[in-house]
Structure formats: C-alpha cells, structure tokens
Amino acid sequence: MTAQDSALIVIDLQNDYFPGGKYPLWNTATVLDNCVAAIERAKALGMPVILVQHVADSSKGIAPFFNAGSEGVALHPRILAAAPQAPVVIKQAADSFYQTTLQATLDGLGSRQLLLCGMMTQNCVTHTALSRAADQYKVAVLADCCTTVDQMLHAIALNALSIRVPLPTAAQALA
C-alpha cells in the first residue's frame with residue numbers, strides 16, 4: 001500500500017468534545033495535537049485526508065450536543081486549518097459509512113487502506129473501523145489520535161479493537 005491508495009479519516013473532532021463544549025472528553029489537547037500532526041504528515045506523503053462531522057438528527061428532537069447550527073457541532077478550528085481542502089463527510093450515526101458519502105469519497109480517491117482517528121474511541125471510531133462497509137479496506141486505528149470520556153474507557157475500547165485491527169501510533173503508520 002502507498003500513501004496515494006490510503007486515506008486518513010479524522011472522525012468528529014468537534015467543539016462539543018473540547019473544554020467549554022457540551023461533552024468535553026479526556027486528553028483532548030494531546031489528541032488534537034496528535035491529529036494535527038497526523039494530518040500534516042499525511043499531506044506531506046500525498047495521502048488524502050477526509051474529515052467526518054457528526055450532526056445530530058433533528059427529527060429525533062434536540063440532542064444533548066452536536067445540534068445543527070450550534071458552535072459545538074463545528075469541526076475544531078485547528079483541524080479545519082490543518083486540512084482546509086479536505087472533503088467533509090456529514091453523518092448522523094456512529095458508523096461513518098452509514099448513509100453518508102464516505103464510501104463514494106473513498107472510491108473516488110482510489111483508497112484501499114484507511115487510517116482512522118478521532119472521537120470517541122469506543123463509539124464512532126470503533127463503529128467505523130468495524131463497519132461492514134469497512135471490510136473491503138485494510139483498516140488501522142491510530143491509537144494515539146483517539147480519545148473518549150476517560151482513560152479507562154479509551155484503553156478498554158482499544159483493547160477490544162486490537163483483535164480486529166492494527167493499532168499503530170501516527171508516527172508508525174505515517175512513517
């Protein structure tokens with residue numbers, strides 16, 4: 001696999017998950033730094049970057065966070081600055097493939113290998129990595145570029161994922 005047939009998918013680095021947001025997660029400053037560095041390295045290698053943004057389904061009423069039009073639903077400004085030309089895939093479910101344009105975007109890029117990172121480890125990252133739609137790709141999760149509500153849940157999620165997908169660091173995967 002080469003950088004050109006791979007893609008870095010950055011899932012849900014949105015304002016509500018950071019301090020001041022409606023559902024701040026554990027270790028967000030470090031994960032944000034790691035994700036920005038991963039984006040920069042991917043771009044240097046010629047690897048496409050795809051941003052995924054969760055927008056709550058308004059037909060189900062007001063959600064606790066990620067409501068359309070809110071400050072919290074926006075992708076973090078450092079992520080947008082690092083990947084200003086990246087396509088943005090909008091989703092309403094944990095699986096980034098479910099009823100989205102992700103697969104069509106990947107097909108258009110010729111991607112065969114996916115490097116996933118983002119928030120939350122046990123939810124959207126895991127559901128995307130284990131999606132039936134992801135079965136056609138070689139998938140890895142960048143362990144140092146993910147987080148969730150606390151360190152223990154993050155570790156449990158990575159341990160569970162480890163039997164299905166590789167868990168390299170960004171430096172290892174983007175060497």
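**Exercise 1.** In which helix does Thr105 lie? Determine also whether Thr105 is buried or exposed, and list its contacts.

*Solution.* The model is predicted, so local features need pLDDT of at least 70 and side-chain atom pairs count only at pLDDT 80 or more, while totals for chains, interfaces and linings use all residues. Residues are numbered from 1 along each chain as its sequence is written, and side-chain values use heavy atoms, with hydrogens and water left out.

Step 1: Thr105 lies in helix α3, residues 102-109; helices (H or I, at least four residues) and strands (E, at least two) are DSSP runs, numbered from the N terminus.

Step 2: The relative accessible area of Thr105 is 18%. Buried means under 20% relative accessible area, exposed over 50%, and partly exposed in between, with a 1.4 Å probe and protein chains only. Thr105 is therefore buried.

Step 3: Once neighbours within four places in sequence are left aside, Thr105 is in contact with Ile50, Pro87 and Val89, contact meaning heavy atoms within 4.5 Å.

**Exercise 2.** Characterise the packing of helix α4 against helix α5.

*Solution.* Step 1: The axes of α4 (residues 121-129) and α5 (residues 151-161) come within 10 Å and cross at roughly 15°. Axes are lines fitted to C-alpha atoms, for helices over the stretch in contact, and angles run from 0 to 180 degrees between N-to-C directions.

Step 1: Angles under 35 degrees count as roughly parallel, over 145 as roughly antiparallel, 65 to 115 as roughly perpendicular and the rest as oblique. The two helices, α4 and α5, are therefore roughly parallel to each other.

Step 2: On the α4 side, the contact is made by Thr121, Gln122, Thr126 and Ala129; on the α5 side, by Leu153, His154, Ala157, Leu158 and Leu161.

Step 3: These contact residues divide into five nonpolar, four polar and no charged. Here Ala, Val, Leu, Ile, Met, Phe, Trp, Tyr, Cys and Pro count as nonpolar, Asp, Glu, Lys and Arg as charged, and the others, Gly among them, as polar.

**Exercise 3.** Which residues of α5 are buried, and what covers them?

*Solution.* Step 1: The buried residues are His154, Ala157, Leu158 and Leu161.

Step 1: They cover an arc of only 95° around the axis, which puts them on the same side of α5; the arc is that of the directions from the helix axis to the C-beta atoms.

Step 2: Met152 and Asn159 are exposed and sit on the face of α5 turned away from its buried side.

Step 3: The cover over the buried residues includes α4 and β5 (138-147).

**Exercise 4.** Examine the backbone at Met120, Asn27 and Gln99.

*Solution.* Step 1: Met119 and Met120 are joined by a cis peptide bond with omega of about -10°. Met120 is found in the loop between β4 (113-119) and α4.

Step 1: Although Asn27 is not a glycine, its phi is positive, about 65°. Asn27 belongs to the loop between β1 (6-11) and α1 (28-45) and is partly exposed, at 29% relative accessible area.

Step 2: Gln99, also a residue other than glycine, has a positive phi near 50°. Its location is the loop between β3 (88-91) and α3, and with a relative accessible area of 70% Gln99 is exposed.
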